[in-house]
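Please examine the structure before reading on.

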Amino acid sequence: MPRPLATKTVVDAVTDDLRGRILDGSLTSAAAVTELEIATSYSVARPTAKAAIEKLVGENLLVRGTHKSARVAELGPDSVREIYLARAYLESEILRRLAAGRTVPEEAARANAELLALASPGGLAIVEPDLRFHTALVEAAGNGRIARMYRSLVSEVRLCMMRVQSLHLLDSTAIHAEHQLILDHLAAGNSEAAAATLDAHLATARERLADAVGVGAGHELAVTAHPRPHRLAP
């Protein structure tokens, strides 16, 4: 049976490519992100460029003051701490509830196994399975509103994870081990241990990244990546 393909609007295509350029560090706060530049780079209409910029402003990846062009949001210590604490508030309570039912999400286990398989080369490749692990925990709660709240943080969470890995702040095998300990606590029904392990897991990344971006204040934190072309695939 043929597999259905998801359709993507031009606005979504431009947004996705711009988001990728922000996350991999090839688009920085050094240059303004203007409707004219985006329209010209991607050969799209100005309203399409404007819509893409607005979507990324809504994700907090771009910021724009009154009567000013958008720029890539700078990731400072306060922003890092707010993002990680927002995650901790949501995820720790969810873990307590999952542990009460001894629920171990299969997708979280699969994502963690994939993370371990990528742990040797490490680097940016582990960001996606790492994010999937945490997202699977949230979605396993079965609360659509909480899932939507968490998805509103996803772009900023991914940005933080990209920075953590690009700066080599955490060992990928340690990340896997802490994830596995969380899953073990869920299986054992140990709600407080699961929440405490998660809090410690996030706090380590939070403080190391906050310290790193604090030291680098006023300078761009480079992400090791190949430059991306500023055009859409046909």
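Q: How do you know that E91 is in contact with residues beyond its neighbours within four places in sequence, and which residues are they?
A: In this predicted model, E91 is in contact with H134, V138, Y150 and L198, its neighbours within four places in sequence being left aside.

Q: Why is E91 called buried?
A: The term buried applies under 20% relative accessible area. E91 has a relative accessibility of 1%, and therefore counts as buried. This residue lies in helix α4, which covers residues 77-100.

Q: What lines the largest cavity, and how much space lies in it?
A: About 110 Å³ of space lies in the largest cavity, and the structure holds one cavity of 30 Å³ or more. The lining includes H134, together with Y84, R87 and D130. Helices α4, α6 (127-139), α8 and α10 (191-215) each give two or more residues to this lining. By class, the lining has seven nonpolar, three polar and two charged residues.

Q: How is the packing of helix α1 and helix α8 described?
A: Packed helices are described by the angle between their axes and the distance between the axes. For α1 (residues 10-23) and α8 (residues 154-166), the angle is about 35° and the axes are 10 Å apart.

How values were computed
Residues numbered from 1 in each chain as written. Predicted model: local features only at pLDDT ≥ 70, side-chain atom pairs only at ≥ 80, totals over all residues. Heavy atoms only, no water. Axes fitted to C-alpha atoms, helices over the stretch in contact; angles between N-to-C directions. Helix = DSSP H or I, 4+ residues; strand = E, 2+ residues; numbered from the N terminus. Buried < 20%, exposed > 50% of the residue type's maximum accessible area, 1.4 Å probe, protein only. Contact = heavy atoms within 4.5 Å. 1 Å grid on protein atoms, 1.4 Å probe; cavity = no way out; pocket = protein on both sides within 12 Å on 5 of 7 lines; lining within 4 Å. Points joined across faces, edges and corners; volume = space filled by probe spheres on them. Nonpolar A, V, L, I, M, F, W, Y, C, P; charged D, E, K, R; others polar.
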